[in-house]
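Morning, everyone. Please bring up the model on your screens, and we will walk through it together.

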Amino acid sequence: MEEKGISQAVISRLPRYFRYLGELKDEGVERISSQELSEIMKVTASQIRQDFNNFGGFGQQGYGYNVEYLYTEIGKILGLDKKHHLVLIGAGNLGQAIANYMNFERRGFLISGIFDVNAALIGKKVRDIEVRPMEELEDFIREHDIDIGVLTIPKNAAVDVANRLVKCGIKAMWNFAHVDLNVPEDVLVENVHLSDSLMKLSYNINRYETSKE
Ligand code: NAI
């Protein structure tokens, strides 16, 4: 399947398609037209067709798309047909909330290890996963085929920890620390900032209120 040159905007819409298609599949829907999908998802049918055409169109024939096929193919594009093994660094409020959220596992993201510097947390279990000391980080990564590091630590610690992860070959980081990580080009970083999302909401509230005046 040709995926070269696909814009990040298209890629960023794929998880939403995947979620909706998963729900339709669970409801037993077998086929859906772009028009019907458009009504459910509140995006235009032409946007959906354009997005899907980036991946060869997913073989729409006769009446609509085959939901199961579309769900599986989008899942493959997102790499969800493979399992990913994660280490989570920072077992504080956010780290524990992420580790306790079971749904990531359903998507193939398995938290294999949790690490922290705080001696009071070492040996504690978060959903059956023991919190380990940072001294064990490198050996653990090598022994457990880890491909993603999750950073839920303060920003002043994140740069050093990211460098340690790079040195032991980690190729992807899910970064919640409020700092830009300076990692080699072949290391992928996905920054997540809930506050950015809130600020976007704030902007839209302002815009909505101004439009009523
Ligand atoms: P927290 O203080 O509850 O947890 C931080 C944990 O990191 C502590 O257990 C601490 O011992 C550990 N830690 C500190 N330095 C470490 C190091 N060098 N190696 C390993 N572990 C280390 O804080 P919370 O609320 O869980 O937040 C964690 C970080 O995530 C904060 O920096 C916060 O600013 C950020 N954050 C980001 C959000 C986002 O949307 N990106 C949302 C909420 C928090």
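Start at I114. Leave aside residues up to four places away in sequence, and I114 touches L88, A91, A99, V126, I129, E130, V131 and R132. Keep in mind that this is a predicted model. Where does I114 sit? I114 belongs to strand β4, which covers residues 109-116. Is I114 buried or exposed? Its relative accessibility is 1%, and buried means under 20%, so I114 counts as buried. Now look at G149. It comes 35 residues away from I114 along the chain, and the two C-alpha atoms are separated by 10.0 Å.

Next, a loop. Find β5, residues 125-126, and β6, residues 129-133; R127 is in the loop between them. D128 lies in that loop between β5 and β6 too. Check the backbone angles here. R127 is not a glycine, yet its phi is positive, about 45°. D128 is also a residue other than glycine, and its phi is positive, near 70°. How exposed are they? R127 has 24% relative accessibility, so it counts as partly exposed. D128 has a relative accessible area of 68%, so D128 is exposed. The cut-off for exposed is over 50%.

Now move to helix α1, residues 8-26.

Which residues of α1 are buried? They are V10, L14, Y17, F18, Y20, L21, G22 and L24. Here is a handy rule. An α-helix has 3.6 residues a turn, so residues three or four places apart point the same way. What do the buried residues of α1 pack against? Their partners are β1 (31-32), α2 (34-41), α3 (45-53) and α4.

How do we describe two packed helices? We use the angle between their axes and the distance between the axes. Helix α4 covers residues 67-77, and its axis comes within 9 Å of the axis of α1. The two axes cross at roughly 145°. The crossing of α1 past α4 is left-handed. Who makes the contact? From α1, it is L14, Y17, F18, L21, G22, L24 and K25. From α4, it is V67, E68, L70, Y71, I74, G75 and I77. Sort the residues of this contact by type, and you get 10 nonpolar, two polar and two charged.

Now zoom out. How many helices and strands does the protein chain have? It has nine helices and nine strands. The domain assignment gives domain 1 as 8-77 and domain 2 as 84-196. Their C-alpha centres lie 32 Å apart. The C-alpha atoms of the whole chain fill a box of roughly 60 × 50 × 35 Å, taken along the principal axes.

Two figures to finish. The chain has 213 residues, and 38% of them count as buried. Then the contacts. Take those in the chain with a separation of 6 or more: 57% of them come from residues 24 or more positions apart. That's my tour. Over to you.

Methods:
Residues numbered from 1 in each chain as written. Predicted model: local features only at pLDDT ≥ 70, side-chain atom pairs only at ≥ 80, totals over all residues. Heavy atoms only, no water. Domains from an automatic or database assignment. Axes fitted to C-alpha atoms, helices over the stretch in contact; angles between N-to-C directions. Helix = DSSP H or I, 4+ residues; strand = E, 2+ residues; numbered from the N terminus. Left-handed = near helix turned anticlockwise from the far one by under 90°. Contact = heavy atoms within 4.5 Å. Nonpolar A, V, L, I, M, F, W, Y, C, P; charged D, E, K, R; others polar. Buried < 20%, exposed > 50% of the residue type's maximum accessible area, 1.4 Å probe, protein only.
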